[in-house]
Amino acid sequence: MKQTLVLTFSLFVLLLGCSSEDSSNPNASVDFTFTHTWDGAIIDQNNLTSILVTNANGETLNFTRIRYLVSRFELVNVDTGATITFNDYKFTDLAQPLSYNFTPAANVIPRGSYRLKFIWGFNEEDNVDGAYPDLNSASWNWPAPLGGGYHFLQMDGQYNINSMPSNYNYHNGTARLNDDPPTFEQNFREISFDEIIAINGNSSIEVVMNFAEFFKNPHQWDLNVLDTPLMPNYMAQKMMQENVATVFSLGDITQN
């Protein structure tokens with residue numbers, strides 16, 4: 001996927017009509033910072049493997065790894081409907097703090113009022129098996145018998161069952177519907193925010209992830225039933241797709 005900025009025709013016309021000397025409508029740039037939490041408790045590289053959390057089902061769990069992918073960020077102008085699409089993807093490993101933030105490659109935005117949306121994982125057009133060398137080298141591929149393409153999420157660790165530790169692998173990607181013949185469902189989700197973001201200068205938009213939501217809304221997750229393996233489990237994959245809808249929220253918007 002080329003890291004370019006795509007402007008809709010209406011926005012292109014708007015830009016043509018604005019003189020570079022028009023100080024009443026200067027261009028701005030934007031970047032995105034991601035904060036990772038469990039019901040308000042920060043999770044980062046410093047405590048990723050040491051923090052203990054409790055899910056809605058009452059199970060205590062830890063993390064050995066959290067990695068995820070989001071793509072196709074869009075800013076939609078609330079006044080004109082013009083859309084700015086950043087054809088980038090953001091692959092995040094919570095053990096690597098430099099991967100938390102995202103600055104689009106092409107980044108010129110007319111100031112105004114916008115709403116934000118992006119794709120959880122890859123959409124069908126982008127989720128092409130073996131297409132991204134950096135993701136291949138990160139072993140991010142989703143197995144071909146399960147539909148191919150790439151993971152959306154890897155969240156691994158242990159939870160307590162009868163006072164004994166047991167492994168879980170909460171992995172999300174394409175959902176395999178049937179085995180014979182093999183049929184698959186795209187399992188990405190569009191994440192959109194109702195809040196209006198005023199971009200009046202170079203802006204930083206904080207996106208907050210609450211990983212606890214993966215385990216409680218709308219499906220309360222029982223790790224005693226759904227711990228491993230989840231990748232070939234159609235029901236589990238669709239539950240993850242539904243639960244991710246409430247994982248993200250907007251945080252602080254700062255400008256300079």
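## Starting at T60

T60 sits in strand β6, which covers residues 60-61; strands here are DSSP runs of E with at least two residues, helices are runs of H or I with at least four, and both are numbered from the N terminus. This is a predicted model, where local features need pLDDT of at least 70, side-chain atom pairs count only at pLDDT 80 or more, and totals for chains, interfaces and linings use all residues. Residues are numbered from 1 along each chain as its sequence is written, and side-chain values use heavy atoms, with hydrogens and water left out.

Setting aside neighbours within four places in sequence, T60 touches L52, V53, T54, Q158, Y159 and N160, where contact means heavy atoms within 4.5 Å. T228 is 168 residues away from T60 along the chain, and their C-alpha atoms are 16 Å apart.

Now over to H36, in strand β3. H36 has 1% relative accessibility, so it counts as buried. Its side chain makes a polar contact with the side chain of Y68, at 2.8 Å (a pair of N or O atoms within 3.5 Å; within protein, one must be able to donate a hydrogen and the other to accept it, and residues adjacent in sequence count only if both atoms are side-chain atoms). Beyond four places in sequence, the contacts of H36 include I43, T92, L94, Y100, M209 and F211.

There are 26 aromatic pairs in the structure. One of them joins F32 and F73, tilted at 40° between the planes and 4.8 Å centre to centre (rings of Phe, Tyr and Trp, the last by its six-membered ring, pair if their centres lie within 6.5 Å; planes under 30 degrees apart are stacked, over 60 edge-to-face, the rest tilted). This pair ties together distant parts of the chain, 41 residues apart: F32 belongs to β3 (residues 30-38) and F73 to β7 (residues 65-77). Both F32 and F73 are buried.

## Helix α3

Why is helix α3 (residues 234-243) described as largely enclosed by the rest of the structure? Because seven of its 10 residues are buried. Among them are A236, M239, M240 and N243. The cover over the buried residues includes strands β13 (164-172), β14 (175-179), β15 (182-185) and β16 (189-192).

At the N-terminal end, N233 caps α3, with a side-chain oxygen 3.1 Å from the backbone nitrogen of M235.

Key:
Buried < 20%, exposed > 50% of the residue type's maximum accessible area, 1.4 Å probe, protein only.
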